[in-house]
Amino acid sequence: MKKILIFYGSYGGGHLSAARNIKEYIDTNYSDTETCIVDCIDYINKSLNKITTKAYSEIAKNAHWVWKKVYYSAEKGSFAKVNNQTQKIMSIKLNKLLQNYKPDLIISTHPFSSHMCAILKKKKKINSKIATVITDYAPHSQWLVYSEYINYFFVAHDGMKENLIKRGIKENQIKVTGIPLSNRFLANYNKEKILSEFDLSINKKTILFFAGRRTRIW
């Protein structure tokens, strides 16, 4: 039986949702495959994960300008160097899980886990194939650290594919699949029944409004 280890990070809900949706699809369609889903930072250090995720949430909600500065400074310079050293240190702990589980394929929906796994592959600690699912609509440089050790990149749209090619990623490594969705979005539903449940008319257009606090990085 093949083993797939799926990593995510708790910084925002998108990485976890993508990881869950990937696991759901694999479990539904590949009976000969075992999947395991892990929060990479929580596995390494629960206290660090709690502090950093809370800080991320507060900054993203209440100090957009701070998050914008952090986001873009992580592309290059001293911040990027510090982050690279941090990932090297944290990869030591992550390696314990990889040695125990021995996955055939590692799927990362967060740049941290992708970065750490690439470091371990560079050091020849692991030989698993690595797939990075970029859960952003533009490829931040942190997704591409040690990209030569990543086997596949899954992106949201053709524009991202073109961007990655310009950054030196081989075209045959890039798959344009969109953001991973739950099987619920692929199911067929009885429209008349649903409208009836909400006391809505079949003869009128229905407009659904969503609301929430928007997080911006620019």
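In the predicted model, strand β4 (residues 129–133) is mostly covered, with four of its five residues buried. On one side, β4 pairs with strand β3 (residues 105–108) in the parallel sense over four bridges, and Ile107 stands opposite Ala131 in this pairing. Strand β5 (residues 152–155) also pairs with β4 in the parallel sense, over three bridges; here Thr132 stands opposite Phe153. Together, β3, α6 and β4 make a right-handed β-α-β unit.

Helix α6 spans residues 111–122 and contains Lys121. Lys121 is buried but has no salt bridge. The nearest side chain of opposite charge belongs to Glu148, 11 Å away. Not counting residues up to four places away in sequence, Lys121 touches Ile126, Ser128, Lys129, Ile130, Tyr149 and Asn151.

Two salt bridges are present in the structure. In one, Asp27 is paired with Lys23, with the closest N and O atoms 2.7 Å apart. Both residues lie in helix α1 (residues 14–29), four residues apart, or about one turn of the helix. Asp27 is partly exposed, its relative accessible area being 37%, and Lys23 is likewise classed as partly exposed, at 22% relative accessibility.

A salt bridge also joins the side chains of Lys161 and Glu171, at 3.4 Å from N to O. This pair links distant parts of the chain, ten residues apart: Lys161 is in helix α7 (residues 158–166), whereas Glu171 is in the loop between α7 and β6 (174–176).

Methods
Residues numbered from 1 in each chain as written. Predicted model: local features only at pLDDT ≥ 70, side-chain atom pairs only at ≥ 80, totals over all residues. Heavy atoms only, no water. Helix = DSSP H or I, 4+ residues; strand = E, 2+ residues; numbered from the N terminus. Buried < 20%, exposed > 50% of the residue type's maximum accessible area, 1.4 Å probe, protein only. Lys, Arg positive; Asp, Glu negative; His and termini not counted. Salt bridge = Lys/Arg side-chain N within 4 Å of Asp/Glu carboxyl O. Contact = heavy atoms within 4.5 Å. Pairing = 2+ DSSP bridges. Right-handed = clockwise from strand over helix to strand, strands pointing away.
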